[in-house]
Amino acid sequence: MTIVQRKEGIIIIDPLISFECAAATSNICQTHHDPEKQRRVTGMICSHSHGDHYMGAQDVLPPGQALAIPIIAPEGFMEAVMSESVIAGPAMRQRAAFMYGRTLPRRPQGYIGVGLGMGSSIGSTSLIPPNLMIQNTGEEHVVDGVRIVFQMVPETEALAEINFHFPGFQALCIPEIATYLTLRGAQVRDAKAWSRYLDEAIVLFGSEPDVVFGSHNWPTWGRKELINKLAEQRDMYAYLHDQTVRMMNLGGVEAVCAQAEDFIQRRDLRFAATLLHHAVAAYSEISKPKTILASAYKKLAHGAENATWRNLYLTGAQRLRTRRQVRMVARSRTLLEPNPSVEQWFSILSVQVNGERAAEKSLVIDFNVTDANEKWRLLVSNGVLIHRRLCRSSGQLIDDRPDLQMVLSKQDLLEVLRGNDVECKKQEGRREAVQELLTLTSVSQGSARGPSQL
Ligand SMILES: [Zn+2]
């Protein structure tokens, strides 16, 4: 908050986030400059539509005075407040809670500040609608005898924003000049516009002021120093914009490869690998990024102390160079033979069913496994294979009428599940049902893992 002191009144610029902070600030000012408390507020300027520049207004304005004095803000102020702080407000506040570390413990290992200060106020807030909207650059107003010249700078730090100059005091106010993309989710600023406006400010006001002040930083004194500061900020925003666009337009796989090679040269192998990985994914038909990525992986492997990382990088490099498929560790078939239980065979079979292929299929097959003394029902339903143990108390079931019932030994059941023809003790229904079930499973021929395990 900045206070412009007049003989009988004060003009308040950017009255902070909360009543309590704004009141404390004006009390400090009164203690030192107006102990008799004779000056009243004769005007207020809210430079832009962010809460830390207007929400503390209510308690520094004399009761009932809000309409009697000019409350100045840029055109579009209320619309911008609605858009960012009300409509998108809850989401912004959620993100702000992260940025401002509200829940972190206050200690050296935890919360130590918010950059702009020690903390963000949590006091009472208000939104007093402005009654004098600035619309044009060069617009002038006299408040409490003070001449103020305004510059419109929309879409810079905020959607609606103004800079202003006090020719009588040779003082220029540029409330914010140092944020571009906040973590709290405020709208991204137009860096190019900001650069243009800062240059415009140098041209408009540069020959006059002896001090430039903002709302968050120390003032800069001296004309040469302040022009320097504005020019540096102007150039920073222009650079940010122009180089981002230039790099974006220079993109493409060739440029990415060149960049990556540069990073490899500089021994930043992991970043080069990340960059190239994107290029390989996006341009799978082009071999250059693969070749460079393979060499980066090889270097990473040879620099790795850990054998497993070394293997990982070398295998990645080998695959990129040879397109050789990486085989699973176990290459031979592990026949489980009859050792697992009947239930385990069914469990293995159920995760081999191709859900899409089985989606429209319904099958009911009963197995009476005599030597295991177990009765099972397999159900294909809605793309899954359900196995259910039948016991004497099962009684008549809704999904009765099996397509096939088989009475057989455990060894014969295994052969049936392997798709082999066996003579079973007794069977009733359509024998093809077993084949129909097995065609729903999808396991590639000769696969090391699969129903071939059965
Ligand atoms: Zn601010």
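## A buried strand residue

Phenylalanine 164 sits in strand S8; strands are DSSP runs of E with at least two residues, helices are runs of H or I with at least four, and both are numbered from the N terminus. The model is predicted: local features need pLDDT of at least 70, side-chain atom pairs count only at pLDDT 80 or more, and totals for chains, interfaces and linings use all residues. Residues are numbered from 1 along each chain as its sequence is written, and side-chain values use heavy atoms, with hydrogens and water left out.

Phenylalanine 164 is buried, at a relative accessible area of 0%. Buried means under 20% relative accessible area, exposed means over 50%, and partly exposed lies in between (1.4 Å probe, protein chains only). Leaving aside neighbours within four places in sequence, phenylalanine 164 contacts Ile13, Ile45, Ser47, Ile148, Val149, Phe150, Ala171, Leu172, Cys173 and Pro175. Contact means heavy atoms within 4.5 Å. Glutamine 58 is 106 residues from phenylalanine 164 along the chain, and their C-alpha atoms are separated by 23 Å.

Aspartate 52 lies in the loop between strand S3 (40–45) and helix H2 (57–60), and histidine 216 in the loop between strand S10 (211–213) and strand S11 (220–221), so the pair ties together parts 164 residues apart in sequence. Aspartate 52 is partly exposed, at 22% relative accessible area. Histidine 216 is partly exposed too, at 25%.

## Helices H3 and H4

Two packed helices are described by the angle between their axes and the distance between the axes. Helix H3 (residues 77–87) packs on helix H4 (residues 89–99) at about 60°, with the axes 5 Å apart. Axes are lines fitted to C-alpha atoms, for helices over the stretch in contact, and angles run from 0 to 180 degrees between N-to-C directions. That angle makes H3 oblique to H4. Angles under 35 degrees count as roughly parallel, over 145 as roughly antiparallel, 65 to 115 as roughly perpendicular and the rest as oblique.

H3 contributes Glu84, Ser85, Val86 and Ile87 to the contact, and H4 contributes Gly89, Pro90, Met92 and Arg93. These residues divide into four nonpolar, two polar and two charged. Ala, Val, Leu, Ile, Met, Phe, Trp, Tyr, Cys and Pro count as nonpolar, Asp, Glu, Lys and Arg as charged, and the others, Gly among them, as polar.

## Positive phi

Aspartate 14 is not a glycine, yet its phi is positive, at about 55°. It is found in the loop between strand S2 (9–13) and helix H1 (19–33). Aspartate 14 is buried, at 2% relative accessible area.

Glutamate 155 has a positive phi near 60°. It is placed in the loop between strand S7 (146–152) and strand S8 (162–166). Glutamate 155 is partly exposed, at 47%.
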